[in-house]
Amino acid sequence: MKRMFGILALMVVASLMIAGCVQPAGNETGTPGATPTPTLAAETPVFTTPGQAETPMTTPVETPVETPIETPVETPMTTPVGNETPAATPAGVTETPPGPPAAVVADELISITDGGFSPSSVTVPSGTTVGWTNDASTNQTVTATGTMGFFDSGLLAPGDSFTYPFTATGNYTYTSQTSGFAGEIIVTVNTS
């Protein structure tokens, strides 16, 4: 009977290990973000052979204990509006003010204003890159309407820019699809 109990106990332990309920030492798993801390404490079953006194054996077993890891939390900074007092900056932290908008890299600049393109007509030599900046208070586009070429800025929010290189000679017409403003680029032969 004792022999059957011993075999049965071994089968139960083996099935638990296979099922993942008890894992051998060195194969610990844990929840991400938790650090396992080993603790000792488990008593193993008592196995005896005929003629031997029953003495319980205590074997140390490592059981992982989850210790949460603290994650730093960022405190949002707010910008004062009107007559509000600005929030204090933490000691040792220097705030960098935002810089000016990025400069448009273009040979000729056109401003999109609330009244239209300024200037609305430009003459440039071939190989010139023309840039448009939305200085209007609403979203605008720069979209080719003629047969000379295809260009489309997509939606430009106030302050956004768009550039296009004109390499072939001809008259290029364009419009803003949001406001209906129209403009023209006349590209001449490059003599330089």
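Phe151 and Phe166 are both buried, where buried means under 20% relative accessible area, exposed over 50% and partly exposed in between (1.4 Å probe, protein chains only). The model is predicted, so local features need pLDDT of at least 70 and side-chain atom pairs count only at pLDDT 80 or more, while totals for chains, interfaces and linings use all residues. Residues are numbered from 1 along each chain as its sequence is written, and side-chain values use heavy atoms, with hydrogens and water left out.

**The chain overall**

The protein chain has 1 helix and 10 strands. Helices (H or I, at least four residues) and strands (E, at least two) are DSSP runs, numbered from the N terminus. The order of elements from the N terminus is α-β-β-β-β-β-β-β-β-β-β. Buried residues make up 20% of the 192 residues in the protein chain. A contact means heavy atoms within 4.5 Å. Among contacts in the protein chain between residues at least 6 apart in sequence, 52% join residues at least 24 apart. The protein chain exposes about 13,800 Å², and carbon and sulfur atoms supply 60% of that area. Accessible areas come from the Shrake-Rupley method with a 1.4 Å probe; for residues, only the protein chains shown count as cover.

**Aromatic pairs**

A pair of aromatic rings is described by the distance of the centres and the angle of the planes. Rings of Phe, Tyr and Trp (its six-membered ring) pair if their centres lie within 6.5 Å; planes under 30 degrees apart count as stacked, over 60 as edge-to-face and the rest as tilted. The whole structure holds 11 aromatic pairs. Two of them are set out here.

| Pair | Centre to centre | Angle between planes | Type |
|---|---|---|---|
| Trp132 and Tyr174 | 5.3 Å | 75° | edge-to-face |
| Phe151 and Phe166 | 5.6 Å | 85° | edge-to-face |

Trp132 is buried, at a relative accessible area of 0%. Tyr174 is buried too, at 1%. Phe151 and Phe166 also link distant parts of the chain, 15 residues apart. Phe151 sits in the loop between strand S7 (143–144) and strand S8 (161–166), and Phe166 in strand S8. Ring pairs join Phe117, Trp132, Phe151, Phe162, Tyr164, Phe166, Tyr172, Tyr174 and Phe181 into a cluster.

**The nonpolar core**

In soluble globular proteins, nonpolar side chains tend to be buried together. A nonpolar core is a set of buried Ala, Val, Leu, Ile, Met, Phe, Trp, Tyr and Cys residues joined through side-chain atoms within 4.5 Å. The largest nonpolar core has 18 residues, and those with the most contacts inside it are Trp132, Val142, Phe151 and Ile185. Strand S3 (108–113), S5, S6, S8, S9 and S10 are the elements that give two or more residues to this core.

Leaving aside neighbours within four places in sequence, Trp132 is in contact with residues including Ile110, Ile112, Phe117, Val142, Phe151, Phe166, Tyr174 and Ile185. Its contacts also include Asp160 and Ser161.

**The sheet**

An open sheet of 4 strands has the order S5-S10-S9-S7, with mixed pairing. Two strands pair if DSSP finds at least two bridges between them. Strand S5 (121–125) and S7 stand at the edges, each with a single partner strand, so one side of each is left without a neighbour in the sheet.

S9 and strand S10 (residues 182–188) run antiparallel, joined by 6 bridges. Tyr174 stands opposite Gly183 in S10. Asn171 stands opposite Ile186 in S10. S9 and S10 form a hairpin with 6 residues between them, and Gly180 in the turn has a positive phi of about 85°. On the S7 side, 2 bridges join S7 to S9, and these strands run antiparallel.

**Thr175**

Thr175 belongs to strand S9 (residues 170–175). Thr175 is the bridge partner of Thr143. Its relative accessibility is 18%, so Thr175 counts as buried. The Thr175 side chain reaches the backbone oxygen of Phe181 at 2.7 Å. Leaving aside neighbours within four places in sequence, Thr175 is in contact with Phe117, Thr141, Val142, Thr143, Thr145, Gly180, Phe181 and Ala182.

**A cis peptide bond**

The peptide bond from Ser118 to Pro119 is cis, with omega near -5°. Pro119 is found in the loop between strand S4 (116–118) and S5.

Terms used:
Polar contact = N/O pair within 3.5 Å; in protein donor to acceptor, adjacent residues only side chain to side chain.
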